[in-house]
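Have the viewer open as you read.

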Number of protein chains: 4
Amino acid sequence: MGRKYAVLGVGHVGSTVAFALVTKGDADELVLIDKDEKKARAEQLDLQDATARLETRPKIKVQDYHELKDTDILFVTAGNILALKNQTGNNRWAEFNDTREIVKDIAPKIKASGFHGVMIVTMNPCDAIAQYLQKEIGLPQSQVMATGTFLDTARMQRVVAEQFYVDPKNVTGYVYGEHGNSQFIAWSTVKVNGLDLLPLAKKKNLPLSKLEEHVKAGGWDVYAGKGYTSYAIATCAIKLSRAVLDDAHLMCPCSYYNQKYDSYVGQPAIIGKNGVEEVVDVPLTAEEKAKLANSASTIKEKFATL
Amino acid sequence: MGRKYAVLGVGHVGSTVAFALVTKGDADELVLIDKDEKKARAEQLDLQDATARLETRPKIKVQDYHELKDTDILFVTAGNILALKNQTGNNRWAEFNDTREIVKDIAPKIKASGFHGVMIVTMNPCDAIAQYLQKEIGLPQSQVMATGTFLDTARMQRVVAEQFYVDPKNVTGYVYGEHGNSQFIAWSTVKVNGLDLLPLAKKKNLPLSKLEEHVKAGGWDVYAGKGYTSYAIATCAIKLSRAVLDDAHLMCPCSYYNQKYDSYVGQPAIIGKNGVEEVVDVPLTAEEKAKLANSASTIKEKFATL
Amino acid sequence: MGRKYAVLGVGHVGSTVAFALVTKGDADELVLIDKDEKKARAEQLDLQDATARLETRPKIKVQDYHELKDTDILFVTAGNILALKNQTGNNRWAEFNDTREIVKDIAPKIKASGFHGVMIVTMNPCDAIAQYLQKEIGLPQSQVMATGTFLDTARMQRVVAEQFYVDPKNVTGYVYGEHGNSQFIAWSTVKVNGLDLLPLAKKKNLPLSKLEEHVKAGGWDVYAGKGYTSYAIATCAIKLSRAVLDDAHLMCPCSYYNQKYDSYVGQPAIIGKNGVEEVVDVPLTAEEKAKLANSASTIKEKFATL
Amino acid sequence: MGRKYAVLGVGHVGSTVAFALVTKGDADELVLIDKDEKKARAEQLDLQDATARLETRPKIKVQDYHELKDTDILFVTAGNILALKNQTGNNRWAEFNDTREIVKDIAPKIKASGFHGVMIVTMNPCDAIAQYLQKEIGLPQSQVMATGTFLDTARMQRVVAEQFYVDPKNVTGYVYGEHGNSQFIAWSTVKVNGLDLLPLAKKKNLPLSKLEEHVKAGGWDVYAGKGYTSYAIATCAIKLSRAVLDDAHLMCPCSYYNQKYDSYVGQPAIIGKNGVEEVVDVPLTAEEKAKLANSASTIKEKFATL
């Protein structure tokens, strides 16, 4: 009965997801799990303290993997943002040494729980982690996705929109590939106000490669200022979850298994009650196709080391 | 036109307020100010990245005190949670050495901006800080309130509700006094399911003093687990702000100037477009009255040192 | 997966319930059933046309009783508002001749569907209709409630609040009895701003019997101006449904079976996932108790004629 | 302070707009005006009765044109749906005999009020009525728009989406022209899942002219089943209003003055705080251009008779 969500890893992203679901009245039931039990209980308490001031009162539970058995949506948001501190350069694979161990720990627990809903992964490197979880847990591929380039696409929409002083929702098109350095904007797919971007950009002398750098750096700019990113990524994850619950068949670029490359990779997909219902084959230029193949193989390589 | 909010201090509480206003579509315009400009810009960016995935698109601005001129609601949420680390025992006055300096810095800037809306303070120690800001800025008292015991009352509602397995909204009654150690639950005002709590508690052998400890410790339990508190306090602040914008005349216990004690102190008040429209004189027992006087004088003392 | 609602009878109340669930993003799945199939399809179409402009996309289905099998919440909102036109005086029993036939038609269909969720009845006379549906369908009593005096209590809160220029949410207390002429305000339970109403009313010379008339007439005033009532009743029904979905254990006066009177009757109840989890025995004066007994027997009498 | 809306004409559309603004917590202040004062008061009362059960409490006022002076958004939703009953064929101009008289009555009253916000017209025939109101009241053109083909575009999105089993939000593109019989779908602009519709339609043998009939008939199908349309049109009007309040620069096809045709006509526009900030010149085929010119001249002709 109702909507049951779980959040595995209540760090900045996970707790923001939990807060948004509670404050917007989206959740009827919410399970919080973290390797730091005190952290999970603190978030539970902070959210429960809020319910006297909110219209609704979701049930909030903690630390019980058994609850996943009938959970509709599982957000996997664990990570170790501190791992990024010690790296040189910006690379989400820097979290890998930690997240690798985390997923090896949680995958069997999720499997044992009997979870059979839809899993949405935000952990970094999210493409490889999602693929690993899918394999280990044995869920149908459709039921395991990562936010992937859904966030990067949102950043692309913001960056392009700023150039034209319009709402990011006026900008359509997709970022493909890894949620990481090998990602790319498929400029041929981008439109603003219903108009193809490329000729507009030429007319306005927009430096596309610079814009693309801004998009790729978007997360790092936020990270540099606040030490982590949380609001946009949590919003993207929740958007995907609602498309699942509503069986909306909403098109969202996200990370999902692509048979051609035998790898998870960010690409436009149709999201419904089974998770990814379909991948959409949007026409790309030859150069874009090459970039996609390259990005997918980067992910595949890293995945092999898991 | 529309709702214009500002958040001064985008730490854990301030950024949560900002995120909630954006994600729920409450804000039309939002100004973020922080002494750490990179932090303010990072929060702006993270929120703007989210707007491609949200239904609405509030304007988000940063670091401009001039924007306060026509701001409806100003949340003052600065603080230094780290200050609490070095103290022994749990005491919000431990933040005082830092927050004292902060408010001395921001008060003249707010004054110079021409701000004439309603100010909602969550900084600790919030009673004294609110009073200081009111005096320094010269706004009418009604327009400067602190969340005060609105949060403690929410915690009381949760703690009592847990004993009866009911929604915290079934629990009415008030926590009075300082948002700090000298606060107290006015048990004579508390009802659960429309029934007086005191006889029920006697019948169930509820240890009231223990429950009161839980309430007082509520914030510290959250703090211990996550290093700060954010969701409940932000939710309380937003609740007050909406009562102002709607001119709702909603009754909320919060910190406001009480002439009898010549001090800000947490007490039930009617919130409307002018901020605190009226204080409500709920009958208290003699013991409760004494506790209130004592708590108010504690605040007054500390205020004198500002 | 998710929240599944059904609305049986998409007249003014039913279609308003449907619209609110869709526009607020509450529903994941929504089933509309009406004896007028064209009406149901028109409402479906009008709501589906809206989804291109809303953030979410609930699935909206029509005319299929089989869908009730796994429905969480069933709103029974059929009726014939026109029946009220030909009566003299204001009496919800005037709808009875029509609604009697309607429930005799729908009860076996609901039963056959295998519905086992919670049923919320707004049809008039709602107390008797709810009891009839519970008996005929054979659901546990807890799972069948009527909005009953939840709406009348909301009206009481508004009417009292207007006298004190405050938010209706500052007013607590209950209207008991029939959602009809024999209902009464239990004035001894009413508080405004946390203060007992009766002494305040004396001091302000408030004509309580006149206020009570206003409350009772509230629906008729709306009816006289717009030909039906819809927004408040739909809002009450939805509020109850959310308390069920969240298992909130929220206290709401509503119509439910009272063993003492062997009848459904409006009284404060705790609403959770099983529907009415518990009835709360709020202390009443002797006069109020007599009024409640009288109102219950009025309902019982009419029920006998079903 | 806050968001102030007014609704002129609280029939099915106007009251639905009011209810949605209240139930979603969008409005801080709401003014209802109708030539039938009892109707306006009944809607006010029905909405106020709901506020005891809602999280917020907007102020709801009635019948006072003076309130328009500082109103942000004015919805003009008057009409006489009954006028459509006596016509043969489906034609929104059938309402014209009545709405003509209505606007002649209300225009001077709006003007006298000093209203200087943004006006959103849903009255039929909406293109001509909006133009008339703009001229008579003397507001800048940008501040007067009609929902126009925003609703027809939503219907097109639904109709196309149904063919592909996807969310209507996956469908982009525009309906141009009159909110009436001379409107047309600019098929060359339509995409589904990011792919051009025309080749897909050819492959799937979709009968485009039939789909276009469905879109054009959409409103009439709803009308036939429920006697009016309300939910989708109200949702469109509210969507426009929020884009204004947020200064979102959101692209929405709506009816606005087009200099080329010297007429209001449905076309893609950028909506911001001044209303229509800009018209977007999306490339059309020669045939589409001719249809637009034709539709605009139809509107212009009718406008001349006002």
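## A salt bridge to start with

Which residue forms a salt bridge with Asp49(B), and how far apart are the closest N and O atoms? In this predicted model, the partner is Arg158(A), with the closest N and O atoms 2.3 Å apart. The count of salt bridges between chain B and chain A is eight. Polar contacts join 30 residue pairs across the interface of these two chains, with both residues at pLDDT 80 or more.

## The side of chain B that touches chain A

Five helices of chain B, namely H1 (12-23), H2 (37-51), H5 (149-164), H7 (208-226) and H8 (231-245), each supply at least two residues of the side that touches chain A. H2(B) gives the most, with 11 residues. Sorted by class, this side of chain B has 18 nonpolar, 14 polar and 17 charged residues.

The contact draws 49 residues from chain B and 49 residues from chain A. Together the two chains bury about 4400 Å², and 57% of that lies on carbon and sulfur atoms. Asp49(B), Arg53(B) and Tyr231(B) supply 19% of the area that chain B buries against chain A, more than any other three residues.

## A sheet in chain D

Now turn to chain D, where three strands make an open sheet in the order S7-S10-S11, with antiparallel pairing. Its edge strands are S7 (171-172) and S11 (195-196), each pairing on one side only.

Two bridges join S7(D) to S10(D) (residues 191-192).

Key: Residues are numbered from 1 along each chain as its sequence is written. Chains are lettered from A and ligands numbered from 1 in the order in which they are written. This is a predicted model: local features need pLDDT of at least 70, side-chain atom pairs count only at pLDDT 80 or more; totals for chains, interfaces and linings use all residues. Side-chain values use heavy atoms; hydrogens and water are left out. Two strands pair if DSSP finds at least two bridges between them. Helices (H or I, at least four residues) and strands (E, at least two) are DSSP runs, numbered from the N terminus. Contact means heavy atoms within 4.5 Å. Buried area is the accessible area (1.4 Å probe) that two parts lose on being put together, summed over both. A salt bridge is a side-chain nitrogen of Lys or Arg within 4 Å of a carboxyl oxygen of Asp or Glu. A polar contact is a pair of N or O atoms within 3.5 Å; within protein, one must be able to donate a hydrogen and the other to accept it, and residues adjacent in sequence count only if both atoms are side-chain atoms. Ala, Val, Leu, Ile, Met, Phe, Trp, Tyr, Cys and Pro count as nonpolar, Asp, Glu, Lys and Arg as charged, and the others, Gly among them, as polar.
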